[in-house]
Amino acid sequence: MNSSLYIDGLELLPIQMAKTSPTLVLTQGELLSQAQVTVTHDELGISHITEFSVFDFWGQHFRSDHFALMLVTEGSVDMSVNLRPFTLEKNGLVVAAPNAIKQLIGASPNARAMSVTFTIHFLNQTGLPKHSHDLLEYFSSQYQPNWSLEHSDAVVVERNIEDLFERCRQTDRPFGKEQLNHIFLAFLYEIGAQRQKYSPPLIRNMTRKEELVIRFATLVSTHFRQERTVGFYADALHVTPKYLTETVKEINGKSAGQIIDDFVILESKLLLKKPEYSIAQIANLLNFSDQSFFGKYFKRVVGISPKEFKTSI
């Protein structure tokens, strides 16, 4: 079986296949360790989120090593996907692929949600049907990631997630794993069916400026390890650096340069937390000319040197 899938033309690799070029920012394990009530099987995680304030990645742009779906069951949650902000009210659903740029902006005190996370490894283990690309196409940035479900449809999704939760707790029973895989695929089919109703292609609804920011976000998530200049992305998008910076700031609140810095620094911090990487190796992985240049860049943005950050962990 092919061990990878493509979303937005980007190959999604299992974590064990990406050691020479790390792409992770927020791992599934890190996310699930902060959720309040979670059950897992292999690399599938089902969570009941009862307190959003416990998450330590507030306000940060991040990518992940997993697909994520979250249904808001009470209150409201403010977030953004690919630099496009939105508010999820009760019965609101968000879907996000690993390569999507995600940000948790805020949540009401009474916000509650249910989430399903899974990796490409789990998808491969499940045994996806031949038309899996069509089944997962709603994770593409071509489609609106935030859906406002009607009550009856939200009830169906909530029931499916609860069923997954229970099946995850019973995988040691006879045929438990097979039943879980069956329920999981049924869940994907249900979300795929609802996509037809709730997730029209974004291109029909976006302004030119919003479309530019989406394209910029996709480029940055792909190239930030090699390219850190606004000029590179402006040339690729056929606009001036000034126009790109002003447009991104107007839509997202941060300049294009700040978005690029966010990605580089988040990746840097992730790598600095890994004892197997030296600072010189990290500088090389992120395409800095030498360790000194990387150190100056990191300190300019973060306020401390990479060595100080690494020793503080």
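A crossing is right-handed if the near helix is turned clockwise from the far one by less than a right angle. Helix 6 passes helix 7 in this right-handed way. The model is predicted.

**Helix 6 and helix 7**
- Helix 6 spans residues 208-223 and helix 7 spans residues 230-237.
- Their axes come within 10 Å and cross at roughly 125°.
- Helix 6 and helix 7 are therefore oblique to each other.
- On the helix 6 side, the contact uses Leu 212, Arg 215, Phe 216, Leu 219, Val 220 and His 223. Helix 7 supplies Phe 232, Tyr 233, Ala 236 and Leu 237.
- By class, this contact holds eight nonpolar, one polar and one charged residues.

**Helix 9 and helix 11**
- Helix 9 (residues 256-272) packs against helix 11 (residues 291-302) at an angle of about 110°. The axes lie 11 Å apart.
- Angles of 65 to 115 degrees count as roughly perpendicular, so helix 9 and helix 11 are roughly perpendicular to each other.
- The crossing of helix 9 past helix 11 is left-handed.
- Helix 9 brings Ile 260, Asp 261, Val 264, Ile 265, Ser 268, Lys 269 and Leu 272. These meet Phe 294, Tyr 297, Phe 298, Arg 300, Val 301 and Val 302 in helix 11.
- The classes here are nine nonpolar, one polar and three charged residues.

**Helix 5**
- Helix 5 covers residues 176-198, a run of 23 residues.
- At 1.5 Å a residue, helix 5 should span 33 Å, which agrees with the 32 Å between its end C-alpha atoms.
- Its buried residues include Leu 180, Ile 183, Phe 184, Phe 187, Leu 188 and Ile 191. Gln 194 and Arg 195 in helix 5 are also buried.

How values were computed: Residues are numbered from 1 along each chain as its sequence is written. This is a predicted model: local features need pLDDT of at least 70, side-chain atom pairs count only at pLDDT 80 or more; totals for chains, interfaces and linings use all residues. Side-chain values use heavy atoms; hydrogens and water are left out. Axes are lines fitted to C-alpha atoms, for helices over the stretch in contact, and angles run from 0 to 180 degrees between N-to-C directions. Helices (H or I, at least four residues) and strands (E, at least two) are DSSP runs, numbered from the N terminus. Angles under 35 degrees count as roughly parallel, over 145 as roughly antiparallel, 65 to 115 as roughly perpendicular and the rest as oblique. Contact means heavy atoms within 4.5 Å. Ala, Val, Leu, Ile, Met, Phe, Trp, Tyr, Cys and Pro count as nonpolar, Asp, Glu, Lys and Arg as charged, and the others, Gly among them, as polar. The expected span of a helix is 1.5 Å times one less than its number of residues. Buried means under 20% relative accessible area, exposed over 50%, partly exposed in between (1.4 Å probe, protein chains only).
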